[in-house]
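Subject: The structure we talked about

Hi,

Here is the structure I promised to pass on. Have it open while you read, and I'll walk you through what turned up.

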Amino acid sequence: MYNNQITCSKYVSLISLMLVLGGCAATGYGPVVEDLSVPARASERLPTLPSQLPASIQVTPAPSAPVVTAKPKAYVAPKSVVTITAQPVSNQVVTVIAVPENASVATQEAPSVAQTPPLPASDQAVVEQLLTEADQLKAQGKVTEAVIQLQRAQRIAPQEPKVYARLAALQLSLGEASRAEQLALKGLTLVPNKKSYQYYFWKLIGASRSNLGDSQGEAKAIAQAAKYK
Amino acid sequence: MVIGVVGLVYLDAQIRHRFEGHRWSLPAKVYARPLELFKGQKMAAGQLDYELTQLGYRWVKHANAPGQVQKTNQGMAIYSRGFRFADGNELGVLVELSLQHNTITDLRQPSGTSVALLRLEPQLVGGIYPAHNEDRELIQLNDLPNGFIETLLAVEDRNYYSHYGISPWGIVRALWANIQAGAVVQGGSTLTQQLVKNFYLTDRQTLWRKLIEAPMALLLNVHYSKDEVLEVYLNEVFVGQAGKRAIHGFGLASRFYFGQPLSELKLHQVALLVGLVKGPSYYNPQRYPKRATKRRNLVLSILAQQNLISDAQKIQYQGLPLDLTEATKVSRYPAYMDVVRQQLQQHYQASALSSHGLRIFTSLDPWVQHQADRAMVEQVLKLNQRHGKIKGLQGALVVSHRGSGELLALVGDHNGGYAGHNWALDRSRQVGSLLKPVIHLAALETGQYSPATMINDAPVSLQQSDGTLWQPQNYDRKSHGKVPMYEALAKSYNQANVRLGMQVGVDKVLQQLKKMGVDQFIPAYPSALLGAVEMSPLQVNQVYQTIAGNGFYSPLSLVRQVTQANGQLLSHFPFAVRQAASNDATYLLQHEMRMAAHYGTAKGVYQYLPKQQQVSAKTGTTNDLKDSWFAGFSGQHVATVWLGREDAKPTPLTGAGGALHVWAQLMQHLAYTTYKDIKPQLIENYHLNVKTGKAMPNNCPNGVWLPIPKVSAPAFNKTCGY
């Protein structure tokens, strides 16, 4: 530090024992104004905590919209020093996943809508890729990651009905019937002249309402679906 | 002697305790949304260059390493860095990108294989710092670029790997060099001693400190490997100060000075970082580039002296510029970060946010935020020039994504920063005519109205609860007789809209408003119809978001995911919608608001935008011109602008004369992605003679195309006649 150099020159001229023992402070690297480099005091440090998150912080879909799901009371930090930086991975290639034409959604859906015919493929390759990735994640049991992929697709193609179909079906399979119903209702606004979608969405709305115990609403939805069969 | 031994044992325990128990407080890192690249993606002019610059990409002749970009005939080749997202890893990859008219027309690997989608790493836009304001980015030895350790040791501690923690020979050599030079040019401290000083001892130059420093360094050396000590040193070293924030460790230093990860640095950059250790303030390359260059070149000379590089290399590197990042580093997003912090604090303890290295992924769009700041600053300047300085003029701007309801940008102040109040959130003002679309929506919801329904724009006189008469007038103080509903909205006629609102019912209108996310209590007075309702710009944007979202309310959100430092997902915000109005009614309202932009009070937007860009918008002006509002949507963006004085005194600005300009300048610089006009099944377009309310042949002059529910289909006149 520069200021220290002046102080230091006194030591140099004295050639003191202190200098021999401690070395010259000229190469010290504390900040100039105040020493912020002192490690946090014990009270400020992380408590020693188990390296596993307690079960209460499991990621689950939130029951109501804008709420952060996990609410860690005592947040747990990983024990060892962690590397957070992006790891540049050179000379690696993006795996481009083959996109099946008319990828069927039927197999991933909740049982009550499983009988619907496959929905037409999106005309955007990027949407199909994300839907495929979401399917794969879901198949691996990574449901939240699958939802994240579908939301990515929704941002990129907010008027693509197939994305709403998948999101709604996934939410329904997670037991989020109310959320599924609303997503399907929104999906319906995108498909005024697409029978296969109208049928699909009404079936899904029916199933959602059934889960919600709304038998009247379910009957209405089933009647609507029948129109587009 | 005994005392000495006891002292050593004590020191030893202290050292081991500290070193092994040591963990740094890592501030939470806040990231912007990653830029998604795919075929068909529309970019604004200059956007891609801007975003790459902000990410610290370097323009080179041949991109062959992460963090590089190369101009090509068709567009550019980008070598992305890869990133660990909440949902998995995105690998670094070289892609060639074709651009035509700012649209990505092709994306492929050099082999020709097409790439459907590539996510660039997100920009780090801020941190949530602990009270002592220490910031760092942890690195490991294998993150170091070529030549880093050699340079560091050559300058700071040549015998690091062979000494015992202290180096008498180093001290003698330093002393000799200093005596020769007649000044202090070299220090005798080993890296181990430097670490001891910073890690265990206070900064005070006491004799005691001097005395125990050496034994502590020796002990540290006994207990831990050279690599372990070095790694801690690399993360602990102080290398700069940014305002209150102390920059620690070479990992963060690299981001801070070069905007790049440490692993990407070239030798001249490495030399600068190593040179900074001697005096980060004195050699501050941002403030004293000449000094810093001199210091860097000295480091390069030392490398050449020690034959670590050739003289030719030395000369080559010394000739290079400092290569500091061009991205702005001061927190550019105070208003946005403010809300992120508020939202997170509801769910996480402050200490968790400031010390556990959480990673917060937000929807902040750096380009939109940049343009929002610009639009506010530049237009406020122009307004001040046009009207003479408007005392205490303040402003706020909110931008959200139409499809998802995610907040993309927030401006909380007239100059883009803010101190004290975040005008986008903290302050509520009367919204004036911005409420009129809600009257229309409530009316259209009943199924008994259409944009062609005639409303009488005659004087209104209403008795209020306190017995006084309320007689709102039109802005031009004229009455316009019977006008179709769309015109009442487009021209923002007060009398017609109050009549419409009274027909529907004030309570119904306020219920509709509530469904759109405004949940404070609003007394059902008729004056509410003309916007005697106080809302923050954020709330207004929420209301318009629902209109833009075809009647579906999506809560404005800004945190997408939170993960632990190691990438493990902690929280995730699911996308949710809730129907707040029918799609049919909202479709009709969107059309009315489009008319406002084409023929009505909002038409000024087309001074900025091409005619084919669809805009649905509304101006808002409150009594005595206290507030100038503009809200609406175009393409994928919903935005709200408010301008007014801090002291709520009148300004010379109407909604169209003030806020509109900020809004339109912003939209002008955002990518325009068409939002498909999907007409509901039960609605048809008719070519109307608005005077008779009857449909007429398409070729008749003076007709207006209007969407009308099929159930209230107008009668058809075979002639154009009136």
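**A loop residue to start with**

Asn550(B) counts as buried, because its relative accessibility is 9% and the cut-off for buried is under 20%. You'll find Asn550(B) in the loop between helix H19 (537-548) and strand E24 (552-553) of chain B. Its backbone is worth a look too: phi of Asn550(B) is near 55 degrees, which is a positive value in a residue other than glycine. Most residues other than glycine have a negative phi.

Before going on, please keep in mind that this is a predicted model.

Ala648(B) also has a positive phi, about 60 degrees, although it is not a glycine. Look for Ala648(B) in the loop between strand E30 (637-645) and helix H21 (659-668) of chain B. Is Ala648(B) buried or partly exposed? With 31% relative accessibility, Ala648(B) counts as partly exposed, because that class runs between the 20% and 50% cut-offs.

**Chain A**

Now zoom out. Chain A has 8 helices and 0 strands, so if you read along the sequence you get the pattern α-α-α-α-α-α-α-α, with helices counted as DSSP runs of at least four residues. Chain A has 229 residues, and buried ones make up 54% of them. As for contacts in chain A with a separation of 6 or more, 58% are between residues 24 or more positions apart.

**Chain B as a whole**

Chain B has 722 residues, of which 62% count as buried. Its secondary structure comes to 21 helices and 33 strands. Along the principal axes, the C-alpha trace of chain B spans about 110 × 65 × 50 Å. Chain B exposes about 27,600 Å², with 53% of that supplied by carbon and sulfur atoms. Take the contacts in chain B between residues at least 6 apart in sequence: 68% of them join residues at least 24 apart.

How is chain B divided into domains? The domain assignment gives domain 1 (34-121), domain 2 (133-318), domain 3 (370-668) and domain 4 (683-712). If you compare the C-alpha centres of domain 2 and domain 3 of chain B, they lie 56 Å apart.

One helix to pick out is H5 of chain B, residues 191-200. This helix is mostly covered, with 10 of its 10 residues buried. Among the buried residues of H5(B) are Leu191(B), Val196(B), Phe199(B) and Tyr200(B), but also Lys197(B) and Asn198(B).

**Rings and charges**

Over all chains, the structure holds 15 aromatic pairs. In chain B, ring pairs link Tyr31(B), Phe83(B), Phe85(B) and Phe361(B) into a cluster. Elsewhere, Lys226(B) has its charged end over the ring of Tyr160(B), at 4.6 Å from the centre.

Ser634(B) counts as buried, because its relative accessibility is 2%. What does the side chain of Ser634(B) reach? The answer is the backbone oxygen of Gln614(B), at 2.7 Å. If you leave aside neighbours within four places in sequence, the contacts of Ser634(B) are Gln613(B), Gln614(B), Val615(B), Trp663(B), Met667(B) and Tyr672(B).

Then go to Asn159(B), in the loop between helix H3 (148-156) and helix H4 (168-181) of chain B. Asn159(B) is partly exposed, since its relative accessible area is 23%. Not counting residues up to four places away in sequence, Asn159(B) touches Ser167(B), Trp169(B) and Arg173(B). For a sense of distance, pick Asn159(B) and Phe716(B): they are 557 residues apart along the chain, and their C-alpha atoms are separated by 97 Å.

Happy clicking!

Conventions. Residues are numbered from 1 along each chain as its sequence is written. Chains are lettered from A and ligands numbered from 1 in the order in which they are written. This is a predicted model: local features need pLDDT of at least 70, side-chain atom pairs count only at pLDDT 80 or more; totals for chains, interfaces and linings use all residues. Side-chain values use heavy atoms; hydrogens and water are left out. Rings of Phe, Tyr and Trp (its six-membered ring) pair if their centres lie within 6.5 Å; planes under 30 degrees apart count as stacked, over 60 as edge-to-face and the rest as tilted. A charge sits over a ring if NZ of Lys or CZ of Arg is within 6 Å of the ring centre and within 35 degrees of the ring normal. Domain bounds come from an automatic or database domain assignment. Buried means under 20% relative accessible area, exposed over 50%, partly exposed in between (1.4 Å probe, protein chains only). Helices (H or I, at least four residues) and strands (E, at least two) are DSSP runs, numbered from the N terminus. Contact means heavy atoms within 4.5 Å. Accessible areas come from the Shrake-Rupley method with a 1.4 Å probe; for residues, only the protein chains shown count as cover. A polar contact is a pair of N or O atoms within 3.5 Å; within protein, one must be able to donate a hydrogen and the other to accept it, and residues adjacent in sequence count only if both atoms are side-chain atoms.
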